[in-house]
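Here is a short briefing for a first look. Keep the sequence and the 3D view open while you read.

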Amino acid sequence: AQAEVARHYRELQADGERKQHALWLLREQQARQDQSTRFLAIEQAQTELEDMTKSLEVRDAMETKFVTLPTNATIGEAVDMLLSTPQHEFPVVDYFGKPVGLLTREGLIAALRDSSREGMVIDIAQTSVPSVRVYDRLDAGVREMTKSGAPAISVIDAEGRIVGVLTMQNIGEMMMIRSAQPEWRFGRRPA
């Protein structure tokens, strides 16, 4: 009888291990499916972005109500601008209105740890940020922004003066509009 109880116990233990292994396999399969679903969603979003942007120009997506900072602005003035506008990225422009850099909210906050209020914005701005022309294709603008890693890039006219700002946030909003209204036509705004 004791041998029978021990055999029955081993069978139950083996059965429990098989169930645990089956449960582990199910969890692994679910994790792979979840990861696959995420990858598919990312690919779908990229495809939708490419489809939307290839038929538009930069001027269709650029923000036209924005604030710039002159090269001689102080960090204190930049903080005041950050707090008084909804903007998070500020193009830094020269005397002629041509972009020479970009000051981000994160860059400004990081600089506050080491710089005084009287420090110059041009010293803490990113200066290797590209610009795109107002009539460039939007997909080219998105590629430039992605390549540079900047959250925003300046949009310039034929003379190189800033006329707009292209942000991933604005492009994301356009995608949301397109998702809600697939037939929505984004108008060609004058530059």
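Asp80 has a relative accessibility of 41%, so Asp80 counts as partly exposed (buried is under 20% relative accessible area, exposed over 50%, partly exposed in between, with a 1.4 Å probe and protein chains only). This is a predicted model: local features need pLDDT of at least 70, side-chain atom pairs count only at pLDDT 80 or more, and totals for chains, interfaces and linings use all residues. Residues are numbered from 1 along each chain as its sequence is written, and side-chain values use heavy atoms, leaving out hydrogens and water.

**Salt bridges**
- The count comes to nine salt bridges (a side-chain nitrogen of Lys or Arg within 4 Å of a carboxyl oxygen of Asp or Glu).
- Asp80 forms one with Arg117, at 3.6 Å from N to O. This pair links distant parts of the chain, 37 residues apart: Asp80 is in helix α3 (residues 75-84), and Arg117 is in the loop between α4 (105-112) and β4. Helices (H or I, at least four residues) and strands (E, at least two) are DSSP runs, numbered from the N terminus.
- Arg117 is partly exposed, with a relative accessible area of 49%.
- Lys147 and Glu144 meet at 3.3 Å, N to O. They are three residues apart in helix α5, so about one helical turn separates them.
- Lys147 is exposed at 64% relative accessibility, whereas Glu144 is partly exposed at 26%.
- A network of salt bridges links Arg137, Asp139 and Arg143.

**Sheets**
- β4 and β5 (residues 152-156) run parallel and are joined by three bridges. Ser131 stands opposite Ser154 in β5.
- Two bridges pair β1 with β2 (residues 89-93) in the parallel sense. Pro70 has Val93 in β2 as its bridge partner.

**Nonpolar cores**
- The largest nonpolar core has 22 residues (a core is a set of buried Ala, Val, Leu, Ile, Met, Phe, Trp, Tyr and Cys residues joined through side-chain atoms within 4.5 Å). Ala61, Leu138 and Ile153 are among those with the most contacts inside it.
- α2 (58-61), α5 (138-148), β5, β6 and α6 (168-180) each supply at least two residues of this core.
- Apart from it lies another core of twelve residues, including Val79 and Phe90.

Key:
Two strands pair if DSSP finds at least two bridges between them.
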